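Got a model open and wondering where the labels come from? Let's go through a few of them.

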Amino acid sequence: MNTTLLEELDVLVIGGGFSGVYQLDRLRTLGYNVKIYEAGTGLGGVWHWNSYPGARVDTWAPVYQFSREELWRDWNWSEMYPGRDELVRYFEYVDEKLDLSKDVRYETRVLAGRFDEETHTWTLVSRNERTGEEFTTQARFVIMCLGAGSKPLFPNIPGLEKFEGDCFHTARWPLEGYDLAGKRVAVIGTGASGIQVIQEASKVADHLTVFQRTPNTALPMNQRALGEADNAEMKKTYPERFANRKNTWAGFDYDFLKENIQDLTEERRNEILEELWTNGGLQPWLGGFLNVLFDKDDNDILYAFWRDKTRQRITRPELVELLAPTEPIHPWGVKRVSLEQNYFEILCRDNVKLVDTSANPIREVTSDAIVTADGTRHEVDVIVLATGFDSVTGGLTAIDIRGTRNETFEEVFRGGSRTALGKATVGFPNLLYVYGPQSPNAFCNGPTCAELEGEHLIQIVEHMRNNGYTRIEAKPEAQQYWGAHIAELTSATLFPLAKSWYMGANVPGKTVEMLMYPGGLSVYLEILEKAAAGGYQEQFEL
Ligand code: N01
């Protein structure tokens, strides 16, 4: 830590997405000396980095924004599911309204941190990404606002480095843009990012080869353009939508239905499902039947409904079993459900070829082709790696932060993530998470958690200040309880039956475990409230 001390802060917030912005604004208003360090050149978090063609949000606009009236009163959305560029503009608008940038250090990547037991402060080393210069910061608190997808996952495919064309991960797409027009494009991966980039690439590419390992049980987005009148109408509903979020499982303006799918007649069940499909978006999932996530028979009913609806759209017979198999590969809805716009029709186009890598894996990449196990050479100009992230924990384990036991997160999380309440980890005093491991995280709409969970974090910091405490650390017994509680909740669900990033199963060598708190946002908030009422004595050493 022999670099120049640049500044001393009460709070250092790492990451400038929804969570980081909320923390900066609120803490600053409360009189803390606080800054965001952000590796990118702008605010927005994933929306800054994921600039691939077609990137857009799967949450509908009314609840994909901050709830403060001052921020939504004059802001109009142009689409129900806004695209990445519009979301970047939204962050610029919020920045201007709240005058955030004066307290943000952009292009600043935090590399390392050490805790001083005498002063109860963190000393952190950061690098200016443009100049390469490194400097030191001291902060009483470090608040991690790293999101679920800050560390891209690059596949370990032999020869990938020998490819002489262009190759981009969706989360590291050139910010200045890249034109796929007229090119032979390969997309590896069919998750949320893959689907979106495939949809756009198919419109302009000379030829598109899609490498699919697992079919995506995607739902129709039902995108629609929004005019001024639509926005004016929507704004009348915002206060109620925002107020409802805290009572829901996933932080949306709707929640699971009360009925069990099996208790309904086939006619009634289909009526409800048809209505959910018409509403579009994620409603058939997070506004549908909760039991589907617990009961295999219930799940099979929903899968069959999805399969039959989807099959009607697949015009190439040889693709039917690959895209919407007779039997599900995994239960429906326990791997992230994506939203699509004509995705299934697009895969049937003449300029698109689907390669099933579960049966015919990628063997290697050469200078100009992707070669599959059967020896076929798929010659391409561009490879798009839509292969996802080392999700939820990847941001933390990438930083050389060592706590009181001189261990990094990479070391501490080797056997699985460990936190008390999804807020802090033993051995890392004064380091707190919003949207961290073992919190609702990816099970919660981002802006909702940024505000509602974020507010609890601010309460913790306020509790410290009001009581003159200078050190807070997770208690080992609280951490053990929280991990066991999450494991117990998870074991009652069907989530372990999918090889998904929710379970850390997408990263070779990563412990397979539920990375989020799966009890739902409303219950999580109640638990945090109870902890606050008890002065956090059970959860933290103060
Ligand atoms: O990543 P993913 P993502 N060889 O992990 C495949 C959010 N998000 O970037 O399923 C071959 O979901 C992998 O195959 P399989 C959202 O929460 C939101 O798409 O593991 N294939 C899979 O198909 C989302 O869930 C939005 O068998 C390989 C794909 O790559 C999360 O981010 C938009 C492979 C990875 O899918 C992550 O989504 C975008 C290999 N070696 C993202 N490695 C919106 O809100 C991986 N795959 C719209």
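Below are some questions about the labels, with the cut-offs behind them.

This is a predicted model, where local features need pLDDT of at least 70, side-chain atom pairs count only at pLDDT 80 or more, and totals for chains, interfaces and linings use all residues. Residues are numbered from 1 along each chain as its sequence is written.

Q: How do you know how confident the predictor is in the chain?
A: Look at pLDDT, the predictor's confidence in each residue, from 0 to 100. The chain averages 97, and 100% of the residues score at least 70. The model also scores ipTM 0.99 and pTM 0.97.

Q: Why is α1 called oblique to α14?
A: The axes of α1 (residues 18-29) and α14 (residues 446-467) come within 9 Å and cross at roughly 40°. Angles under 35 degrees count as roughly parallel, over 145 as roughly antiparallel, 65 to 115 as roughly perpendicular and the rest as oblique. So α1 is oblique to α14.

Q: What makes residues of α1 and α14 part of the contact?
A: Two residues are in contact if their C-beta atoms, placed from the backbone, lie within 7 Å. Among those that make it are F18 and Y22 of α1, and A450 and I458 of α14.

Q: What puts a residue in the group that surrounds the ligand?
A: Its C-beta atom, placed from the backbone, has to lie within 6 Å of the molecule. 25 residues surround the ligand, and the closest are P155, G189, G191, R213 and G388. Helix α5 (residues 192-204) gives the most to that shell, with three residues.

Methods:
Axes are lines fitted to C-alpha atoms, for helices over the stretch in contact, and angles run from 0 to 180 degrees between N-to-C directions. Helices (H or I, at least four residues) and strands (E, at least two) are DSSP runs, numbered from the N terminus.
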